[in-house]
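Open the model in your viewer and keep the sequence panel beside it. The tour goes from one selection to the next.

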Amino acid sequence: MVFRTCLVVVLLCAAQIAAANPESARLRARAYEYALNLDYDEATREMEAAVRTDPNDPSAERGLATIPWLLISFRRGTATVDEYLGGVTRQNVAMREPPADLAARFNTHIQRAMMLAEAQLRAKPRDAEAHYQIAATVGLQASYIATVEGRILGAFRAARRAYDEDETVLDLDASRKDAGLIVGMYRYVVSEMSLPLRMMAYVAGFGGGKERGLQMIEEAARYPSESNADARFALVLLYGREGRHGDALRQVAELQRRYPRNRLLWLEAGATALRGGRAAEAESHLNAGLRMLAGDKRQRMFGEEAFWYEKRGAARVALRRLDEAEMDLRHSVAATESRTWVKGRAYTELGKIADLRRNRDAARANFERAVMLCEEDNDPLGADAARQWIDTPYK
């Protein structure tokens, strides 16, 4: 089931800038530019100024909910595409409790945003923008339920209204391609479900169609609004799922151009190139990103150093530079902070090194450890990647 893939992207619609108070819109745009450059304190300051400028704007209140959502993901180490490429096998996923202050900030501002959006809709029930504000707010709620609270089924129910409201936007104004981002995501996700789940989704009111879904997201990426950047993040994820790694890399390159202070985009570029079999290109992106990391005094994502070295180690294994690869991978598994599945994938690469050095016993031990760690952290793709080499030497 790939529903969680969609939920993380629904959040992106919260960053879209509606036509309201021009000064509020300017401040919100600056806030999201800061946030997408990992400057969260500055983003909060600008978004608070937007609220003061227009206290009736649901977009600004929703922005003040979006920033703590992003911070929770950042502090948990769940802000990478790899986190969402696999399937979800359970209705609920065990998650660590979020920091109480960030959870409180989210809940306070999402409730205010919903109140303001509902007031707009009551005043203008046939207004496309009013329906869009509801869709973006409910979509953010669904994202939070799934990715912070781990309640997949609860998020599915909450997301239904976001889908319906954006379909209404498109019915009222077909030119609003930005509204196609949520609708396109759900169409794609429903098409990927098993037949029983797909039928349940149809009964619940979700439409399907992978090709049409991707097309709607691509149209949102080209649409001249703030949502085109959000749609590009979605396309990096979905092109990765589709094996269209070159297309994904082109999206990452554009995002790097727009948000040059976001070092995680270089991590995504390296990971995307690696998935596409471009090991030398992956290493180049990761080298550049590691230089950025060394000079960046801002807060790091939880387990970030382990991520970087696991990816570069994997690229160097593919390039058969085994001594350098082993140094990176040992650095990854020894990191003080690390996601468990990242350590698991690092042990997979160490198993490959052992096999290439004709040490089968050590290789098998590393692969078995990798399976255990990946399964422990709900990483079925990582576990399967290691499991295939337990009885068959990597060559």
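A residue counts as buried when its relative accessible area is under 20%, and as exposed when that area is over 50%, with partly exposed in between. The model is a predicted one, so the values below are computed from predicted coordinates.

**Stop 1: Thr348.** Select helix α18, residues 340-356, and pick out Thr348 within the helix. Is Thr348 buried or exposed? Its relative accessible area is 5%, which is under the 20% cut-off, so Thr348 is buried. Now show what surrounds the residue. Beyond the neighbours within four places in sequence, Thr348 is in contact with Phe367, Ala370, Gly382, Ala385 and Ala386.

**Stop 2: Asp361 and Arg364.** Move to helix α19, residues 360-376, which holds both Asp361 and Arg364. The two are three residues apart, about one turn of the helix. Their side chains meet in a salt bridge, with an N to O distance of 3.7 Å. Colour the pair by accessibility: Asp361 is exposed at 58%, while Arg364 is partly exposed at 27%.

**Stop 3: Glu254 and Arg258.** Next select helix α13, where Arg258 and Glu254 lie four residues apart, again about one turn of the helix. This pair also forms a salt bridge, and its closest N and O atoms are 2.9 Å apart. Arg258 has a relative accessibility of 25% and counts as partly exposed.

**Stop 4: Asp39 and Arg261.** Select Asp39 and Arg261 together. Where in the chain do Asp39 and Arg261 lie? They form a salt bridge, the closest N and O atoms being 2.8 Å apart. The pair links distant parts of the chain, 222 residues apart. Asp39 is in the loop between α2 (22-36) and α3 (40-53), and Arg261 is in the loop between α13 (245-258) and α14 (264-275). The accessibilities of the two partners are 5% for Asp39, which is buried, and 43% for Arg261, which is partly exposed.

**Last view.** How many salt bridges does a search of the whole structure find? The search finds 44, and the pairs Asp361 with Arg364, Arg258 with Glu254 and Asp39 with Arg261 are among them.

Definitions and conventions
Residues numbered from 1 in each chain as written. Predicted model: local features only at pLDDT ≥ 70, side-chain atom pairs only at ≥ 80, totals over all residues. Heavy atoms only, no water. Salt bridge = Lys/Arg side-chain N within 4 Å of Asp/Glu carboxyl O. Buried < 20%, exposed > 50% of the residue type's maximum accessible area, 1.4 Å probe, protein only. Contact = heavy atoms within 4.5 Å.
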